[in-house]
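Thanks, everyone. Please look at the model on the screen while I talk.

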Amino acid sequence: MPGAQERVLRRRIASVQNTKKITRAMELIAATRVVKAQTRANEARPYAERITQVIADLAAAGAEVDHPLLRKSEQVEKVGVVVLSADRGLAGAYNSTVIKTAEREVQAARADGLDYALICVGRKAEAHFRFRNYPIDAVYSGFTDKPSYEDAVAIAARVTDLFINRGCDRILLVYTRFISLGSQEVVVRRFLPLESSSTIASVGDAGAVAGFEFEPSAAAVLESLLPRYVESRLYAALLDAAASELASRQRAMKSATDNAQDLIIKYTRKMNQVRQDAITTEIMEIISGAEALAEDRGSPEDLLLDHLDTDPFPKRLGNKPSHVPRDNPIY
Amino acid sequence: MPLLVELVSPERIAWEGEARMVICRTGTGDVAFLPGHIPFIGTLTTHPVRVLLEDGGEQVIAVHHGFVEVSPPEDGFTRVTVLSDVAELADTIDVDRARAAKERAESALAADADDVEAAAALRRAEVRLAAVDAAA
């Protein structure tokens with residue numbers, strides 16, 4: 001029967017092994033989904049590119065509108081912060097870095113004496129800010145690892161409303177940009193007001209200057225195009241954040257699996273050592289017991305048993321019992 | 001020389017290919033594009049877009065608002081790009097679902113004639129069904 005310490009270690013190894021199985025499964029799931037997320041991000045790119053292209057063509061045609069989305073305030077009084085986090089944890093530092101960055105932006109706004117509105121995407125950001133009693137303007141969650149365009153439209157509508165009707169002079173978007181599987185970085189982007197259409201156009205291919213025909217008019221097209229542009233930018237950010245989340249989770253779970261493996265090896269060694277020690281001790285006990293017995297045989301005086309074949313009372317043995325003295329004058 | 005047609009939704013390129021003619025409805029009426037059309041940008045209403053293919057076939061796409069751009073010709077090819085939030089190919093539309101959605105929207109409208117969302121839903125369902133009809 002194993003000793004107490006050995007049993008404890010055995011139990012701990014079993015528990016770490018279970019944890020390892022879970023983290024390993026999560027790693028594999030994240031790995032397959034990050035590939036899908038990347039594909040989605042790539043598939044969404046043409047739309048964003050085409051929209052930018054159309055804006056470029058409009059700008060080349062000289063269309064400039066006084067759209068509320070382009071309005072720049074001289075004096076910023078209220079800042080909107082949109083933070084894209086995950087719904088679930090176990091993604092390493094993914095949530096904490098993006099939330100910390102957003103919190104810094106909010107603190108900076110506060111320090112400047114500005115009002116702010118906070119929009120949380122993902123349960124983790126909501127939990128963080130709610131716990132710290134920040135006023136939260138809106139929460140969107142339940143889709144962070146697989147955002148759909150409708151999600152982007154809903155958030156964009158809210159953000160646009162904040163900007164146009166509810167006094168926000170600047171909207172910041174805090175999210176994690178996906179650079180590659182190995183690296184993602186948190187970025188703070190000015191989301192609104194938009195750059196003027198000619199600045200947007202400089203990103204696109206503005207080389208194509210041609211006599212475009214517009215229907216109904218260049219300004220009208222641009223006006224209905226800008227909200228779509230906002231949505232597609234937000235959608236791109238959501239997809240980037242989703243890919244980053246999954247990549248972070250994959251990495252976190254990989255290192256968790258590796259750590260679990262290390263622990264298992266460490267505990268197994270410890271357990272074997274303890275077991276060896278226990279066996280050694282047991283052997284020592286048996287040997288020393290036997291040794292003690294052997295030694296005792298060597299010094300017969302010590303044990304009563306040994307005295308049986310020797311004569312404890314050599315003088316009287318074979319003589320008359322001492323308690324009945326024969327030569328007693330009475331007999 | 002055919003038209004190069006691209007139908008782009010925010011999630012992916014829904015369809016791309018070559019065509020003889022593209023017919024769509026803008027705010028002011030139907031427009032048909034043939035190869036060599038001058039550069040054009042217009043807003044689309046919720047209506048099926050018809051793409052007449054080279055082989056005489058026809059691809060009908062339900063489009064819910066969006067834009068159409070005809071780019072300046074490159075190497076003699078005229079490129080038509082349709083950008084839309086929702087762009088569904090007629091053969092991928094679930095007719096039963098569209099019918100159910102239409103009925104739902106109609107009953108919502110009957111209860112409240114000012115229900116904007118129901119009106120939009122009805123319009124979408126109708127376009128889906130119209131696209132399926134046009135393709136059949």
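This is a predicted model: local features need pLDDT of at least 70, side-chain atom pairs count only at pLDDT 80 or more; totals for chains, interfaces and linings use all residues.

On labels, residues are numbered from 1 along each chain as its sequence is written, while chains are lettered from A and ligands numbered from 1 in the order in which they are written.

Still chain B. It has 2 helices and 9 strands. These are DSSP runs, numbered from the N terminus: helices are H or I with at least four residues, strands are E with at least two. The pattern along the sequence is β-β-β-β-β-β-β-β-β-α-α. The radius of gyration of chain B is 16 Å, close to the 14 Å that the globule rule gives for 136 residues, so chain B is as compact as a globular protein of that length. That radius is taken over C-alpha atoms, and the rule is 2.2 Å times the number of residues to the power 0.38. The C-alpha trace spans about 55 × 25 × 25 Å along its principal axes. Of the 136 residues, 34% are buried. Buried means 20 or more other C-beta atoms within 10 Å of a residue's own, exposed means 12 or fewer, and partly exposed is in between, with C-beta atoms placed from the backbone.

Now the domains. Chain B is assigned domain 1 (3-91) and domain 2 (93-135). Such bounds come from an automatic or database domain assignment. The C-alpha centres of the two domains lie 23 Å apart. Their contact takes 12 residues from domain 1 of chain B and 10 residues from domain 2 of chain B. On the domain 1 side, β5 (47-53) and β6 (58-64) of chain B each give two or more residues. β6(B) gives the most, with 5 residues.

Next, the two chains together. How many residues of chain B are in contact with chain A? 22 residues of chain B meet 23 residues of chain A. On the chain B side, β2 (13-26), β4 (40-44), β7 (66-70) and β8 (78-83) give two or more residues each. The largest share, 4 residues, comes from β4(B). β4(B) also pairs in the parallel sense with strand β6 (residues 213-215) of chain A, over 3 bridges. Pairing requires at least two DSSP bridges between the strands. A:Glu213 has B:Phe40 as its bridge partner.

Last, chain A. An open sheet of 5 strands runs β3-β2-β1-β4-β5, with mixed pairing. β3 (138-140) and β5 (184-192) of chain A stand at the edges, each with a single partner strand, so one side of each has no neighbour in the sheet. β2 (residues 115-121) and β3 of chain A run parallel, joined by 3 bridges. There, A:Cys120 is bridged to A:Val139. Helix α3 (residues 123-131) of chain A packs on the sheet, touching β1 (78-84), β2 and β3 of chain A, and its direction makes about 140° with that of β2(A). Axes are lines fitted to C-alpha atoms, for helices over the stretch in contact, and angles run from 0 to 180 degrees between N-to-C directions. Buried residues in α3(A) include A:His128 and A:Phe129. After α3(A) comes A:Asn133, with a positive phi near 60°.

How values were computed. Two residues are in contact if their C-beta atoms, placed from the backbone, lie within 7 Å.
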